[in-house]
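The sequence and the structure come first, and the description follows.

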Amino acid sequence: MLRFGRLRSERGQALILFVGLFTVILVVAVIVVDVGLWLAERRSAQRAADFAAAAGAQDLLEDDGAAFASACLLAGENGYEEQYVTIELLARASNDPAWQAPCGEATPPASGSCTPVCDTVRVTVSKPGARLFSALDMFGIAPFDVEAGAAAGLVAGGGAGAPSPTGTPAPSGPQQTVLVFDAQASMTTPLAAAKAAAHQYIDTLLSVSGGGAGAVGYAAYNYCYTPPLEASRGCIIESSEPNPEVVELGTDTAGLHAALDRTETGYQGYPCMALWRAKTMLASQPSAGPRSIVFLTNGDNRYPYYLQFYPPVECRPTPIVQPPLFSNGCETPKPWEPTEDVLTYQLAQAIKASGVEIYIVGLNVCGADDGKTQNTGGYCAAIGNQAHDNIADQRLLKCIASSPEHYVDVDAAGLMGAFQDVASGVLGRGLVQ
């Protein structure tokens, strides 16, 4: 009887154990299933934000509205409708107030939303979290959103290991860029447009560099070689006198703009000397970071014969027996011009071999685009073959450029867009948050 009574007193304990065990299983299910869903949603949202930010960054220098649209498009392609996505455009260095709107905004941002330039796209993805067991009232868990964010933008130097326009990994470290401005007489008409485009280019590079992250140099070339002429003519050679149209590598934004404003045109030019000056600038401040030369020119080589003893050997035709040449235009080259083209090309090859990328903005280059690139067999080897200027000038510039993507041929109306394209190449893009 005693044993039977003990057994009867244990009735219902199995049910209690079952209820307890079921509760534990349910809690584990909530943790495993619902938390798993939340984590999966979080990863998906982060991936969508990363892709959307990177897509928007590709269009930053083209048009703010295009950057906004590209970011929204990629977020949608990754499964997030416009009501779940918010886009910000901002300028990091200037702390310019961000332009912000959901992807469903009817009016996209206009160009110039940031001052001086929008260099960052920030994407926030926020969507109600999936709920299964956690939706049961017994847990008292309120609905919540799963949120992820990413920011991508222009990065001085492209960031460590970022691909360059040539497809090779870019070096890491401070960015160095020299802007060389061809100011020969034939550039007079588009000079104002060229200056405006160059001003914006300088602002873009230095705003993204954020001060100590990069350096920009500037030199204007307008036919002078000898030191006595430098102070008055703005020649880009070394002199004991200060040169008002040359600014060495640094972050002196005001000085760069002032030198650009002082630039004037004068007589014929010699692109070889412009490249030589840019090379000496970069050599004066060695850097392990990306280095580039951006050269605005029409490619016309006009060498002043009476200053035969000054040009450095890299740019000195030998022998020098030419008469003076003061005519402009797209004409058959004089006997010495092919030699000058060869010297210019050889100097450019040496510069590129040292790891410097050369971008060419060809302004009013003679002749229509021949559709060929420096990758065409024999194209660059034909430099100096007495070809007409309509071919020779364009061939020279295409072969100076580091790749077909490093060369653009425009008129005055296309200068602003051309410099934006160059800035897009010089600056890398990457996730900044």
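## Salt bridges and strand pairing

Lys279 is partly exposed, with a relative accessible area of 27%; partly exposed lies between buried (under 20% relative accessible area) and exposed (over 50%), computed with a 1.4 Å probe on protein chains only. The model is predicted, so local features need pLDDT of at least 70 and side-chain atom pairs count only at pLDDT 80 or more, while totals for chains, interfaces and linings use all residues. Residues are numbered from 1 along each chain as its sequence is written, and side-chain values use heavy atoms, with hydrogens and water left out.

Side chains of opposite charge can pair when their charged atoms come close. A salt bridge here is a side-chain nitrogen of Lys or Arg within 4 Å of a carboxyl oxygen of Asp or Glu. By this rule the model has five salt bridges.

| Glu314 | Lys279 | 2.8 Å |

Lys279 forms a salt bridge with Glu314. Because Glu314 lies in the loop between β8 (291–297) and α8 (337–353) and Lys279 in helix α7, the pair ties together parts that are 35 residues apart in sequence. Helices (H or I, at least four residues) and strands (E, at least two) are DSSP runs, numbered from the N terminus. Glu314 is partly exposed, at 28% relative accessible area.

Arg277 is buried, with a relative accessible area of 7%, whereas Glu248 is partly exposed at 36%.

Arg122 belongs to strand β3 (residues 120–128) and Glu88 to strand β1 (residues 85–91), so the contact ties together parts 34 residues apart in sequence. Glu88 is buried at 13% relative accessible area, and Arg122 is partly exposed at 25%.

Elsewhere, Asp369, Asp370 and Lys398 are linked in a network of salt bridges.

Strand β3 runs antiparallel to β4, and nine bridges join the two; strands pair if DSSP finds at least two bridges between them. Val121 has Ala152 in β4 as its bridge partner. Strand β4 (residues 145–155) is mostly covered, with eight of its eleven residues buried.
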